[in-house]
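Open the structure in your viewer and keep the selection tool ready.

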Amino acid sequence: MSVLTRDEAQTRAELLDVHHYTIELDLTGGDETFGSRTLIRFAARVDGDTFVELKPAELRSVTLDGHPLDPEALDGNRLALPGLTAGEHELHVDAAMRYSRTGEGMHRFTDPTDGETYVYTQLFMDDVQRVFAAFDQPDLKATFELSVTAPQNWTVLANGITEQADGVWTAAPTPLISTYLVAVAAGPWHSVRTEHRGLPFGLHCRRSLAPYLDADTDELFDVTRACFDRYHEKFDEPYPFDSYDQAFVPEFNAGAMENPGLVTFRDEFVYRSAVTDTERQTRAMVIAHEMAHMWFGDLVTLKWWDDIWLNESFAEYMGYQTLTEATRFTDTWTDFGVTRKSWGYDADQRPSTHPVAPEAVDDTASALLNFDGISYAKGASALRQLVAWLGEKDFLAGINAHFARHKYSNATLADFIDNLAGATDRDVHAWADAWLRTTGVDTLTPRVTPGEHGTCALTVDRAGSRPHRIAAGLYDRDLGDDGGQLVLRERLHLDLPHTEAHPIGKRPALLLLNDGDLTYAKVRFDPESFETIRKDLSGLPEPLTRAVVWNALRDAVRDGELAPAAYLETARAHLPLETDLAIVQGVLAFAATYIADRYLTPEERPAALATLSELCRDLIRRTEDGDNPGLRLIAVRHRIDVAVHPDTIAAWLADGTVPGGPELDPELRWRVLARLAVLGATDEATIAAELERDPSATGQEGAAHCRAALPDPEAKARAWEAMFGSDGLSNYLFTATARGFWQPEQADLVREYVGRYYADAVAVADRRGPAIADAAGRWAFPAHAVDTDTLRLGEECLHAAAPIPALRRKLVDQLDDLARALRVQRAEEK
């Protein structure tokens, strides 16, 4: 299949003006293919040649202006349209298209709970070609009329309001949108509907999830309405579509997709089991993020994929900020700092890093690789820094000018910066060059020098090139009865670079750069401040301040400047006193996944797990009164994950509850069983019995995970064959199997598979495409095997095997992380 290049897209956009698509889909023809008939009305500005894209199972017929074209002329995914004359044209395409099992194109899923079938589209980047013929690039916007023939008991959702007659569902015509934003979701949905500000709003999920959606309907609609209203306060342009449906769909590869009028979410957001309030906040943020796209991405769309950050960074920033302003979730930036920002920092320090706004993205395959922590988290951090520097009033004025000038059209980075510059006297172009066209993470280090009469002065050393507007927090120890508390004396507001020393009076116990987390940079501590952190971190009054400190400690471990054991000691001392759930979750996840599993040697790992187990026990004891169920749930989850001996968690599973609560819901039961499988304390019969108890889709995934985790050569061989030898696993079952397969406790058992991994991953990626390539590179990589042989084999694969871009990017990142882990281990040995 040919990927579309930037040059080809520019040439086609100069030739064509696409007006309208009429699309007829028939979903009644079986479970392998569906019918797709497309009429495209378009104009050629001058005489010329071009092509249309589609990936059919069978191309039945094609006519251009009433004249048949040879279906055999289809070359890969391209059908040539030679000899176009200037003027209007009509292209008719009749094809059978394949359903997907990997979340790309038209995904088909049968619910194991009740046997009901659902289909939905994910057309992002270039997957529209899997559903209907299209001139598939974002700047050839058109209007779309869609009709769908579906089984009698199904409901069809689309970008516009749908109506049904005689088994055919017709959607209202769309305004001008890009091809990748067309959406269909069909099946026997459970739907809840309401109206807000004159528009129909809907929530939709599989029937088997109906009770769980119903339980959260009020919360979901409250968040949706609050964000909708807040965006109308911020934006001059009203919501540009005729309805707002949110469909929670199965086996979805992304968190959500911003299809106009029909946002699709992964249906893990319909909670079957207990979750923390931070997880509810994350779901609310995704709602806010996708709604922001209705303006930035859907109303105004990038011209080409080099500006994907314009979509994602804006929605990421606006989602967190609007959620903070409009809902009960007022600490969203703490969660951003703990979970999202570290994603950006990690991505920006790998060889695969790229600018937030790259100079050029040559083709769609390259563009797909940029959906990463840089385009989301770093870009959102840059926008937050921009707002701090520019002021929100001028920022929103520039945004509204951008919407007004480019609505229902396409825009570039230059357009965006020009519109911002028109709203302020500041040099936004210079800011953009420094922040959006560069790579890497700046590092800010405080230097405290003594002055006269016991006073001090602060100088900030900056390793990097970007300007920063930050706050420096000066904290003193509270000498009252409580002890261990740190009191904010002052926040200095600094613009960097700045060579002059700032007087700060008497030396504070802690000097914290980037207090408030308004910029994107690693921060270090002076020796006295680090000693304060070691003793009194939990005494800092604000969770966002503590998040900045924990991120700094995390960065220091990754850079080999802080021993992993010292991080664990700090967590052991201060996490039992932590109140913010996002911080507890983030610190425990880093400590277990990176420190215990990668940064410490296998000989050191048991002691690290014992420390984490003790820490979790402290948290469980602290929450015995039931006042903080979210904290208790986090502690229970992690206590299960780090268990070295099976007795305690096996007793929980047998009793169906943790003493004092919580009762073990499906998520916790599968979590316990997975850990018991790793420890060799369960068997296939027990897994099968649990699956009979919970035959749902998540139950199927839990069973696949457990079976792959069994410390048995035959179980490992079966799991490997399922992943790499056959193509029967869906995207979610592949991921579940991969997550169970590699376990640090089983390094000797799976050693032979480390050498097999690279060739088998390349082969399955070639056969099954980018979604499985991503899963194979992310979840099936032997991350536990921190040794030079794993690194050498990976580097040989990159040089000799030519993996497809999606897998190559994942391997580059994984190998860099592995090399970093080796450096950390060696630094620890010294």
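Begin with the cysteines: the structure, which is a predicted model, holds 0 disulfides. A disulfide needs two cysteine sulfur atoms within 2.5 Å. Now select Cys706, which is in no disulfide either, with the sulfur of Cys616 as its nearest cysteine sulfur.

Are these two cysteines buried or exposed? Cys616 has a relative accessible area of 1%, so it is buried. Cys706 is at 0% relative accessibility and therefore also counts as buried. The cut-off for buried is under 20% relative accessible area.

**The whole protein**

The secondary structure comes to 26 helices and 28 strands. Turn the model along its principal axes: the C-alpha trace spans about 90 × 70 × 55 Å.

The accessible surface comes to about 30600 Å², and carbon and sulfur atoms make up 49% of that. Of the 830 residues, 60% count as buried. Among contacts with a separation of 6 or more, 72% are between residues 24 or more positions apart.

Colour the charged residues. There are 82 positive and 132 negative charges, and their mean positions lie 4 Å apart.

**Leu54**

Select Leu54, in the loop between strand S3 (48-53) and strand S4 (58-64). With a relative accessibility of 1%, Leu54 counts as buried. Which residues surround Leu54, leaving aside those up to four places away in sequence? It touches Leu59, Leu74, Gly76, Asn77, Leu79, Val93, Ala95, Gln129 and Ala133.

**Thr443**

The last stop is Thr443, in strand S22, which covers residues 443-450. Its relative accessibility is 16%, so Thr443 counts as buried. Show the residues that Thr443 touches beyond four places away in sequence: Asp461, Arg462, Ala463, Lys522 and Arg524.

Conventions:
Residues are numbered from 1 along each chain as its sequence is written. This is a predicted model: local features need pLDDT of at least 70, side-chain atom pairs count only at pLDDT 80 or more; totals for chains, interfaces and linings use all residues. Side-chain values use heavy atoms; hydrogens and water are left out. Helices (H or I, at least four residues) and strands (E, at least two) are DSSP runs, numbered from the N terminus. Buried means under 20% relative accessible area, exposed over 50%, partly exposed in between (1.4 Å probe, protein chains only). Contact means heavy atoms within 4.5 Å. Accessible areas come from the Shrake-Rupley method with a 1.4 Å probe; for residues, only the protein chains shown count as cover. Lys and Arg count as positive and Asp and Glu as negative; His and the chain ends are not counted. The place of a charge is taken as NZ of Lys, CZ of Arg, CG of Asp or CD of Glu.
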